[in-house]
Amino acid sequence: MTIPAQPTEPGEARSLPVTAAAPGGPAPQAGNRLWSDDDASPPEADAPEADAPAEGAASSSSPVGRLAATVDRLRREVRAAQAEADGRALVELAKGILVERLGCGPAEAAQQLSDLAEQAGTTPLEFAVDVINQAARDRVSEVTEAFLAAVTGTEDAAERSAAVRLRAAESGALAAAHDTQAVADSLLQHALEPLGAVAVAIWAVGSDGSLTLAGSAGFSPGEAERWRYVPPDVATVARHALAGGSAQWIGSLGGTGLPTVGRQLHPGGGRVAVPAATAGRVHGILEIAWPAPLPPQPPQVMRQVEALAELCAHTLQSYVHVGGPGRQPVVLPDASELMDLTDGLHDPALVLVPHVDAGGKLLDFRIQHVNDRFLDPAGRPRAVINGALLLEAYPMAAGGGDLFQRIERVHATGEPFRARRMSLTALVGEVPLAAVADLSISRHGACVLLIWRIEDEAARLASLLQNAQRLGRIGGFEEDLLTGETTWNGQLFALYGRPLSSPPVRLEELSAHTHPDDAVIVGRLLRTLLHRRRPASAAFRLQRPDGVTRHMRIVAEPVLDTDERLVAVRGAYQDISSQHWTEVALAATRDQLAQTEQHASERSRLALQLQHAIMPPTRAPLEAPGLQVAVRYRPAEEEHLVGGDWYDAVVLPSGLVMLCVGDVAGHGIEAATSMVVLRNALRGLAVTGAGPGQLLSWLNIVAHHLTGSITATAVCGLYDPARHTLRWARAGHLPPVLVRDAQAAPLPLLRGMLLGALPETVYEEEEVQLAADDTLLMYTDGLIERRDRSVEESLTQLLVQARTVPPTLDQQLDRLLTYSRSDTDDDTCIVGIRLR
């Protein structure tokens with residue numbers, strides 16, 4: 001359609017080209033035109049809006065970026081509504097242009113503008129903008145062409161700029177918009193040969209991800225025929241561009257090993273594969289071949305190649321794909337057929353169509369149709385969802401679940417997406433609600449079909465109950481007493497060891513399948529259920545057909561109707577065989593443990609009685625001239641810790657007084673009997689008149705050879721009342737403590753190995769001169785031993801306590817036992833002497 005331009009002569013008229021779209025047809029030609037960076041001025045229809053967001057935010061390909069773009073678009077729509085009044089100025093300006101071009105009056109220009117807008121299927125304001133842009137574009141084109149002619153000085157086609165070549169290629173492609181072969185010839189002739197390319201291939205992407213050679217130029221017919229069809233998932237140069245979603249610039253094919261059309265002709269040549277996409281959907285791949293390695297190209301050439309790929313995408317929109325060699329073309333269903341298909345599905349489904357901007361860029365998906373199975377998580381009716389944009393209705397689709405990205409990729413590549421148990425999130429009253437669903441996304445023509453199946457909670461709980469019954473070895477049953485029908489689940493058949501085809505066992509037949517000794521228990525159960533009408537349980541032995549006896553527990557309850565009549569009985573069986581045998585083993589272990597504890601208690605009591613018989617906690621004072629002797633014995637608090645501590649104080653036939661303490665290693669009856677052996681042996685050896693060192697040497701032989709190789713420590717001393725001296729020796733024991741003049745100190749540490757360690761050993765002895773009121777203390781380690789302190793620290797504490805000297809020796813020994821800080825709960829012996 002043309003608008004007459006301003007007459008050059010009276011009565012003459014010239015045409016002003018104004019491209020308009022028919023109602024429901026493609027966008028105006030000005031909006032479809034492709035421009036490179038070398039063009040003097042891009043068409044106004046392709047320029048961004050004045051209040052559009054910044055490029056970094058608006059062009060973001062992430063779902064969050066698209067969600068932000070949706071918010072910005074809604075904001076722009078509000079602004080557009082507010083600026084509607086300002087559009088009158090544009091209408092008036094367009095009227096002025098028509099007045100100037102047509103030479104008519106304002107009223108005629110207004111009528112002409114309205115008629116042209118109606119024919120184009122647009123509003124008067126939109127058509128007015130097109131008129132203004134067309135008028136401005138004509139002026140810019142004139143200035144650009146004059147500038148190029150002035151710079152180059154020639155009109156030769158070989159010296160045109162990249163923009164001129166692109167326009168020539170565009171003209172050839174538009175002339176053969178439905179013929180991909182003609183488009184390939186035009187691209188190679190007008191745009192690619194000046195860049196050094198020798199061949200071009202246009203691949204169409206099938207719905208299954210296959211590639212079909214829709215058009216080619218520069219390749220031999222035989223080569224093109226061999227590469228007519230590439231099955232899905234075959235790695236080629238074009239496949240890499242399709243999978244990556246971006247242009248693939250390959251310097252040399254020899255370093256990649258990727259197969260492709262014409263590789264034998266130019267094995268070391270360069271290749272470029274660019275996705276051909278419109279409105280976010282990849283329709284095919286543009287592949288260009290160079291005969292030699294391809295060096296890095298300037299951005300101007302790369303942008304031109306991408307523009308050529310977009311030209312191919314418009315052509316491939318009408319291309320009919322084939323499913324493989326020799327197969328007939330497949331006609332894809334349109335939106336109306338897809339809507340009919342979704343209405344017959346039993347799962348919720350959405351039919352989505354791409355929503356693009358004026359430049360053909362995918363912004364969102366519009367919900368074209370929702371089937372009657374659809375339920376909105378927010379409770380909104382289907383009419384509200386139907387027709388809305390996906391990110392407006394469900395903004396959480398751009399969140400962590402990547403739902404929008406999945407839909408976008410399926411729309412771009414045609415490869416379907418399937419997922420089980422995918423998390424979907426909906427925003428209900430500003431609260432995100434999550435659901436788990438099986439998801440299916442597929443492309444059908446220009447539409448995307450989204451189907452999901454929300455996980456059935458009842459089925460999931462039924463599966464959970466079935467697994468719980470299997471793990472717990474539980475089987476359920478229900479018996480209708482009116483009809484006599486008995487229902488079992490599969491697990492109960494397995495517990496009974498019966499095939500699924502066999503009839504269930506009724507309650508009145510239960511006694512025939514139980515052990516004879518349990519007939520009374522089963523009878524009592526049935527009377528409680530059927531006659532008393534009360535819940536009951538019982539444990540019995542089930543005799544299965546395979547001869548195996550299992551221990552079972554049955555729990556059942558009566559079912560009454562509104563008239564309190566018994567109509568059914570329901571319950572469950574549980575195999576408790578493992579529990580029964582565990583209880584039997586536990587009872588046997590418990591009896592054995594009780595018997596062992598009783599035996600240990602008797603042994604400890606015997607050892608304690610033996611020890612107390614020989615070592616009473618106190619004893620009568622020893623009568624010795626000029627000497628006061630006292631002894632104390634404190635047994636362990638726990639009876640099972642009966643030890644081998646011992647002491648002795650006796651006047652020998654020679655008049656000397658033998659004083660000794662000792663400690664046998666270990667506890668129990670063995671330690672107690674060993675202590676008795678050593679104590680009695682030392683008494684017998686002492687009558688020989690030998691010194692303490694010799695006595696310990698003989699006692700060591702007894703411990704090593706005659707008592708089963710026991711070990712023990714001991715201190716032995718002989719006090720001479722006439723000379724007030726004490727000769728003493730030690731066998732691995734702590735030395736005695738001498739208390740004199742309110743001072744306490746241990747006697748020098750003599751050499752002496754513990755008893756029983758070696759067959760024979762020699763013990764060092766020493767003599768100590770005692771004075772009046774001196775106190776000498778002999779003790780076992782139970783008096784001072786602590787778990788958290790060293791022996792030196794505990795001994796220091798004992799010396800501090802021993803400095804206090806009460807009036808009597810008995811009081812001093814009792815005080816030492818009272819303030820002892822020992823925490824090992826061991827036996828303790830103390831022997832004390834005080835000179836009068």
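Which residue in β29 is the bridge partner of A630? In this predicted model, the partner is G832. Residues are numbered from 1 along each chain as its sequence is written. Because the model is predicted, local features need pLDDT of at least 70 and side-chain atom pairs count only at pLDDT 80 or more, while totals for chains, interfaces and linings use all residues; side-chain values use heavy atoms, with hydrogens and water left out.

Strands here are DSSP runs of E with at least two residues, helices are runs of H or I with at least four, and both are numbered from the N terminus. Two strands pair if DSSP finds at least two bridges between them. Both strands belong to an open sheet of six, ordered β19-β20-β29-β28-β25-β26, with antiparallel pairing. The edges are held by β19 (622–624) and β26 (743–746). Each has a single partner strand, so one side of each lacks a neighbour in the sheet. On average, neighbouring strands are turned by 20 degrees against each other, direction ignored.

Strand β16 (residues 536–543) runs antiparallel to strand β17 (residues 549–560), and eight bridges join them. A536 stands opposite A556 in β17. Five residues lie between the two strands of this hairpin, and G547 takes a positive phi near 85 degrees. β17 also pairs with strand β18 (residues 566–575), in the antiparallel sense, over nine bridges. Here V559 faces A568 in β18 as its opposite residue. This hairpin again has five residues between its strands. In its turn, E564 has a positive phi of about 65 degrees.

A further hairpin is formed by β3 and β4, with five residues between them. G209 in the turn has a positive phi of about 90 degrees. Strand β3 (residues 199–205) is joined to β4 by six bridges in an antiparallel arrangement. W203 stands opposite L213 in β4. Strand β4 (residues 211–217) is mostly covered, with seven of its seven residues buried. Buried means under 20% relative accessible area, exposed over 50%, and partly exposed in between (1.4 Å probe, protein chains only). Two bridges also join β4 to strand β5 (residues 229–230), and these strands run antiparallel. T212 has Y229 as its bridge partner in β5.

No disulfides are found: the count is zero. The criterion is a pair of cysteine sulfur atoms within 2.5 Å. The sulfur of C660 has its closest cysteine sulfur in C716, at 5.6 Å, which is too far for a bond. C660 is buried at 1% relative accessibility. C829 is likewise buried, with a relative accessible area of 0%.

The count of cavities of 30 Å³ or more comes to six. A cavity is a set of points on a 1 Å grid over the protein atoms alone where a 1.4 Å probe fits but cannot get out; lining residues have an atom within 4 Å of a point. Grid points are joined across faces, edges and corners, and a volume is the space filled by probe spheres set on the points. The largest cavity has a volume of about 110 Å³. Its lining includes L783, R786, Q797 and Y819. Helix α22 (residues 791–802) gives the most to this lining, with four residues. The lining divides into five nonpolar, four polar and three charged residues. Ala, Val, Leu, Ile, Met, Phe, Trp, Tyr, Cys and Pro count as nonpolar, Asp, Glu, Lys and Arg as charged, and the others, Gly among them, as polar.

Notes:
On a 1 Å grid over the protein atoms alone, a cavity is a set of points where a 1.4 Å probe fits but cannot get out, and a pocket is an open set with protein on both sides within 12 Å along at least five of seven lines; lining residues have an atom within 4 Å of a point. Axes are lines fitted to C-alpha atoms, for helices over the stretch in contact, and angles run from 0 to 180 degrees between N-to-C directions.
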